[in-house]
Amino acid sequence: MAIASTSDVFILSLGVILAALYLFKDQLFAPAKPKSVSAPVANKSFNGSGNPRDFIAKMKDGKKRLVIFYGSQTGTAEEYAIRIAKEAKTKFGLTSLVCDPEEYDFDNLDQVPEDCAVFFVMATYGEGEPTDNSVTLMENLKDSSFEFSNGEHKLEGLKYVIFGLGNRTYEHFNMIARVVDKELTDMGAVRIGERGEGDDDRSMEEDYLEWKDKMWDEFARVMGVEEGQGGDTPDFAVQELESHPPEKVYLGELSARALTKTKGIHDAKNPYPAPITTAKELFTVDADRNCVHLELNIEGSGITYQHGDHVGVWPSNPDLEVDRLLCALGLYHRKDTIINIESLDPALAKVPFPVPTTYATVLRHYIDISALVGRQMLGALSKFAPTPESSEILKTYNTNKELYASVVSDGCLKLGEVLQLAAGNDIHAVPTPENTTAWPVPFDIIVSSVPRLQPRYYSISSSPKLHPNHIHVTAVVLKYESVHNEKVKQRWVYGVGSNFLLNLKYATDGNMPDAPLIGEPGKGEPAVVSQPKYAIEGPRNAYKEETSYKVPIHVRRSTFRLPTNPKTPVIMIGPGTGVAPFRGFVQERVALARRTIEKNGASALADWGRLSLFYGCRKSTEDFLYKDEWPQYAEELQGKFVMHTALSREVYKPDGSKIYVQDLIWEDREHIADAILNGKGYVYVCGDAKSMSKAVEECLAKILGEAKGGSAEVEGAAELKLLKERSRLMLDVWS
């Protein structure tokens, strides 16, 4: 057989290639189609399982007439979105698709059917920012170049409803809801009813209730539906299990990995049980308050953090409230019964915690039974009252806004306490099955109505540059007095998260007070509930090793960061525990200073900008946080760190009035104006939003206005606005 030469093979191959080019020339050389920036429009033949990011297909597949998007940072907006969906189902028999906007594409928002509507439940986070899960949605709505499937940035005729969640103590109150409303209107969408705006500083619940009734009336008119088409169908089915492998029952574990003890990433869905290596009290013994300092070991966890980040602490409910509600629901003797919970409409309501579990576990670890009970919930529970009299009491609290405010809200009553009060029980006695009337409330109602117990966030008070394997927490313990009324005596009320940490501190340092759960009022003192106790050992003693304890945590990233250039002046304003992130800031600069001096010599910090800290507390001998540390930091930073301290109950003005941080800022106005206007300095404020933050901003506006030769109202306000836009004035405040 003849062997072909190399030239023969080459000529033959070339012929084949040329023939192929001729045959497929149209496909190969056709003009390229422009690529779309947005995600491709879902094929209409897809059902709900075809494209998981196509909410239109899911609506059609599930015969949903409503889709509800929630922008939520802490879970509250999601809770309200679910409430709206439940009410639509109960009132009109309409089913909804409740969606996290992060999980869906919006290029087919214009394809919402004419007989359907879109709800937006949008929280405003930080200083007028969208929540993390709604960033893309906001970008799509605001970007005029973003095209929907119609090829335009138009949503003609789209019916929508909007409810915003915000806090009026912040400058940009409900900014995100307002922006969404404006953008939708500008694109031709039609709003149903008024825009709702909830104010967390006053009462989010009352604002929602006041808005929703008028909204539903207008919704019924526009959508052509009639009330009474729905019914009280349960969201969940609760089943008691006679037997189940004990190792597969959740007893407070926050994730499947925690239950099975398998390794994985630690985040909000899988918190890390961090060992407490140091726990101490920061206030003096004779102070009437507590402030806890904890150091949490994260070595080997995979968790990292930066200065200015927040740590989320996952508390449990106190023993007293768990027992109280178990008794009030008639479940005390069945508290350890294993239950499984199944959602009857997963698109509407997912089971909010891992199952199977037990009744006691749900109340202790998974739902927020320590929160103020909502007025709307009391109306729903009235039908399960043990007597006609107790039913009437709950109905009255539900319908009489003023009475609810004076008794329930001012009395700071929790769910279990209201049930006891309505049944004629003594809420000041230690609850037992014998002294507490049982209400036959189906447990699925409790799961549906009580929000999930959320983590409590604290500014991290350390720098990873000095403490790479530890996160420091600085938490003042929340304790305040309720308002006396004819039904409930005045008493102390305790915050869940900070008192949980206080219990851990007591247990870690071996100083757990042996106080009774219920304290009788002393002479001239309010009726008090003593320091609450918690099951701090955790599920299956997972949070305790011999004499040491652990606390479940995760880290939430923040934009609250120092400028990278140490030559830039920095002004930090943080009275009380608002100083926490600034301890981390200063430690960050100390670590950099050590490296810089080691590399460039003793004078290496000469051109650094000044770090000015304005701090405030009551007395230098009582609540001066980290008092001994600041001089050490100042020495290491060679005078580049300067601290100004207001002692409001120790040093007074000539007229006898108290001195606060804003007074010290005004005294240092020449340096502050120069640092900001000429040194391009950065300003950080952390602490109380209601009074301190506003007073500080007013003072800064006055300083900058005068420095610019104008007024606080015009030039000063303009300068503050510019600083915020350029992220040179940053706030980490709370109300």
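Start at the interface of domain 2 and domain 4, where 13 residue pairs are in polar contact, both partners at pLDDT 80 or more. The model is predicted.

**Stop 1: domain 2 against domain 4**

Select strands E10 (291-297) and E15 (470-476), the elements that give two or more residues to the side of domain 2 that touches domain 4. E15 gives the most to that side, with four residues. By type, the residues of this side of domain 2 divide into nine nonpolar, 12 polar and three charged.

Contacts involve 24 residues of domain 2 and 20 residues of domain 4. Between them the two domains bury about 1800 Å², with 55% of it on carbon and sulfur atoms.

**Stop 2: Arg289**

The interface of domain 2 and domain 4 has three salt bridges. Next, select Arg289 and Asp623, which form a salt bridge with the closest N and O atoms 2.6 Å apart. Asp288 is exposed, with a relative accessible area of 53%, whereas Arg289 is partly exposed at 24%.

**Stop 3**

The structure holds 42 salt bridges. Side chains of opposite charge can pair when their charged atoms come close. Select Arg191 and Asp181, where the closest N and O atoms of a salt bridge are 2.7 Å apart. This pair links distant parts of the chain, with Arg191 in strand E6 (residues 190-191) and Asp181 in helix H6 (residues 175-186), 10 residues apart.

Asp181 also forms a salt bridge with Arg195, the closest N and O atoms being 2.8 Å apart. Here Arg195 is in the loop between E6 and strand E7 (196-199), and Asp181 in helix H6 is 14 residues apart from it. Is Asp181 buried or exposed? Asp181 is buried, with a relative accessible area of 4%. Both arginines are partly exposed: Arg191 has a relative accessible area of 31% and Arg195 one of 29%.

**Stop 3: helix H9**

Move to helix H9 (residues 319-328), which is mostly covered, with eight of its 10 residues buried. Among the buried residues are Glu321 and Arg324, along with Leu320, Leu325 and Leu326. Gly330 follows H9 and has a positive phi, near 70°.

**Stop 4: His365**

Select His365 in helix H10 (residues 359-366). His365 counts as buried at 11% relative accessibility. Not counting residues up to four places away in sequence, His365 touches Leu251, Gly252, Ser316, Leu453 and Pro539. The C-alpha atoms of His365 and Gln454 are separated by 9.8 Å, although the two are 89 residues apart along the chain.

**Stop 5: Lys550**

Finish at Lys550, in strand E21 (residues 548-556). Lys550 counts as buried because its relative accessibility is 16%, under the 20% cut-off. Which side chain is joined to that of Lys550 by a polar contact of 3.0 Å? The partner is Glu545. Leaving aside neighbours within four places in sequence, the residues in contact with Lys550 include Pro273, Ala274, Pro275 and Ile276, as well as Leu504, Ala542 and Tyr543.

How values were computed
Residues numbered from 1 in each chain as written. Heavy atoms only, no water. Contact = heavy atoms within 4.5 Å. Buried area = accessible area lost by both parts, 1.4 Å probe. Salt bridge = Lys/Arg side-chain N within 4 Å of Asp/Glu carboxyl O. Polar contact = N/O pair within 3.5 Å; in protein donor to acceptor, adjacent residues only side chain to side chain. Nonpolar A, V, L, I, M, F, W, Y, C, P; charged D, E, K, R; others polar. Buried < 20%, exposed > 50% of the residue type's maximum accessible area, 1.4 Å probe, protein only.
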